[in-house]
Amino acid sequence: MPDETPQFIGEYENVPVDGKGRLIIPSAFRKALPMGVNTFVVARWFDGCLGAYDPAGWKRVLEKLQSLSGAKRETRQLIRSVAGRATEVKFDSQGRVLIPRKHLEMAGISDRATLIGVIDRVEIWSPDGYQESINEVDLEDIAESLDWI
């Protein structure tokens, strides 16, 4: 049985967001989805962006959240912030998804977005937020601290 786990890679800048909150998911990301999957689950994510997962990927996120101890206040807050604010969005015939306004506001997105494939998910950023985030990165320092190189 072939591996049906999508792998999202690439960066797409200046993706238009229309007045209704619709944005086009790049075809490379749509093609990475398993056959017949035409939805993403969009949730508030870390570093000020939104995370968009295919249904199987979202199930893995939920399993990780469920494995955390509910006795800790931080765990409950994390679950509320991630799972409680998640929403499923469906692709229309033009490859667009309708992102709820409150989600766009959480990420500071107005009329343009930057979409980044980060292996197991697509991150949806405000262009300025993404630029600030990558400007803070010192790739060599991070790789060395993680003993990756």
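Guide: Welcome! Buried means under 20% relative accessible area, exposed over 50%, and partly exposed in between, with a 1.4 Å probe and protein chains only. This is a predicted model, in which local features need pLDDT of at least 70, side-chain atom pairs count only at pLDDT 80 or more, and totals for chains, interfaces and linings use all residues. Residues are numbered from 1 along each chain as its sequence is written, and side-chain values use heavy atoms, leaving out hydrogens and water.

Visitor: Why is threonine 114 called buried?

Guide: Its relative accessible area is 2%, and buried means under 20%, so threonine 114 counts as buried.

Visitor: Where does threonine 114 sit, and which residues does it touch?

Guide: Threonine 114 belongs to strand β7, residues 112-119 (strands are DSSP runs of E, at least two residues, and helices runs of H or I, at least four, numbered from the N terminus). Leaving aside residues up to four places away in sequence, its contacts include Glu11, Asn14, Trp125 and Tyr130 (contact means heavy atoms within 4.5 Å).

Visitor: What is the phi of asparagine 14?

Guide: Asparagine 14, in strand β1 (residues 8-16), has a positive phi of about 55° although it is not a glycine.

Visitor: And isoleucine 119, is that residue buried or exposed?

Guide: Isoleucine 119 also has a positive phi, near 70°, and lies in strand β7. Its relative accessible area is 55% and the exposed class starts over 50%, so isoleucine 119 is exposed.

Visitor: How do you know that glutamate 136 is exposed?

Guide: Glutamate 136, in the loop between α5 (127-135) and α6 (139-145), has 65% relative accessibility; exposed means over 50%, so glutamate 136 qualifies.
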